[in-house]
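Trainee: I would like a close look at a single part of this model. Please keep it brisk.

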Amino acid sequence: MEEIILITSKATEMASILSTNKKRLKDTHGKCYVFVHSSVDGECVGASCAMADALNGLGIDTKVALAEKIPEDMAFMNVEELIQYDILPNNSEDFAIAVDCASGSRMGEMGDFFEGIENKIIIDHHISVDPNLSDAWIDSKASSASEMCFRMLLALAKNMEVSSEEIISKRAANCLLTGIVTDTGRFTYTNTSPETLVASGKLMQLGGNISMSCYYLFDMKKKPDFLLSNEACNTAEFFCEDRVAMSIVTREMFEKYGADEDSVSDVAARLRDVDSVDVSFVLRETEDGKIRANIRSSSSFDCAAFASQFGGGGHKSASGFTVDNMDIEALAQEVRRLVTDEFESNM
């Protein structure tokens with residue numbers, strides 16, 4: 001009964017496309033690649049690796065195509081064997097699945113590889129994506145791409161007349177649960193629905209470990225990361241009558257503590273949780289000279305719309321963008337100007 005509730009018409013449609021391509025790939029020795037956005041997180045890694053695990057179990061040669069190493073805090077998912085970091089020439093018989101993103105422009109160095117594969121499907125839940133894309137399932141109301149992938153795998157099991165346990169291994173269940181935990185903020189964000197909790201309960205029954213996912217992704221910090229995260233919060237500025245918070249994290253700050261680039265991933269949420277704050281920004285310099293921005297909102301402020309001004313996107317309450325060839329202070333000044341104008345125009 002639970003599985004019937006979780007399956008949607010679009011999940012069934014995606015499962016049908018996969019079933020059709022399953023035989024073709026086996027007959028032609030084609031491969032399946034699962035693609036995700038750059039600057040990976042627990043959501044896209046969890047969803048993509050669960051898909052790869054399940055499809056390999058069905059006899060489809062599948063790899064997750066990544067242009068970057070997954071962060072150390074995701075090692076607990078035990079998915080390295082599912083990942084391919086090298087870009088290979090396209091085979092006309094290959095099949096692609098984009099998970100948690102819909103365009104090669106968001107995939108870093110893997111983008112051209114994705115765009116070069118003719119047969120593909122897209123599974124995404126970002127509000128900034130066109131819901132009418134062909135061979136795509138776009139659901140901005142879904143908690144996560146991981147929840148969508150779970151529903152699709154249940155539909156696939158139904159299509160093949162097998163149990164969910166025969167499709168979704170313990171590892172895949174843990175990956176999917178990790179993705180849901182990531183994008184719902186441990187079930188505290190407004191995108192958490194009753195259906196999300198039902199899906200998570202079923203994934204726990206299938207072997208997902210929610211305690212482990214929460215610990216590694218939210219609680220565990222190395223000392224250098226802990227110290228930098230605290231400095232990033234302590235040096236944050238507040239403006240627009242304390243309704244906006246911004247933290248600027250330079251390369252010098254990373255080097256001061258020997259912290260890695262993901263050490264400040266919690267700062268945007270910590271600043272957003274200050275009682276007066278409607279929206280928070282964290283700007284950080286990366287090793288390759290780019291600036292990544294994370295935006296979190298606790299009000300009606302539209303993070304996705306703001307991020308789109310810089311070529312980014314995401315969700316209304318959580319988004320981000322990356323810029324190149326720009327000084328971090330200059331970017332901070334531009335963000336201050338734009339957000340101040342927006343607040344003043346709505347006051």
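Trainee: Which backbone oxygen lies 2.3 Å from a polar atom of the side chain of Arg284?

Mentor: The backbone oxygen of Glu261 does. This is a predicted model, where local features need pLDDT of at least 70, side-chain atom pairs count only at pLDDT 80 or more, and totals for chains, interfaces and linings use all residues. Residues are numbered from 1 along each chain as its sequence is written, and side-chain values use heavy atoms, with hydrogens and water left out.

Arg284 sits in strand β9 (strands are DSSP runs of E, at least two residues; helices are runs of H or I, at least four; both are numbered from the N terminus). Arg284 is buried (under 20% relative accessible area, 1.4 Å probe, protein chains only; exposed is over 50%, partly exposed in between). Arg284 has no salt bridge (a side-chain nitrogen of Lys or Arg within 4 Å of a carboxyl oxygen of Asp or Glu). Asp262, the nearest side chain of opposite charge, is 4.1 Å away (Lys and Arg count as positive, Asp and Glu as negative; His and the chain ends are not counted).

Arg284 also touches Ile328, among others (heavy atoms within 4.5 Å). Residues up to four places away in sequence are not counted there.

Ile328 belongs to the buried set of α14, with Leu331, Ala332, Val335, Leu338, Val339 and Phe343. They cover an arc of only 135 degrees around the axis, which puts them on the same side of α14 (the arc is taken from the directions from the helix axis to the C-beta atoms). On the other side, Gln333, Glu344 and Ser345 are exposed. The cover over the buried residues of α14 includes β9 (279-285).

Technical notes. Polar contact = N/O pair within 3.5 Å; in protein donor to acceptor, adjacent residues only side chain to side chain.
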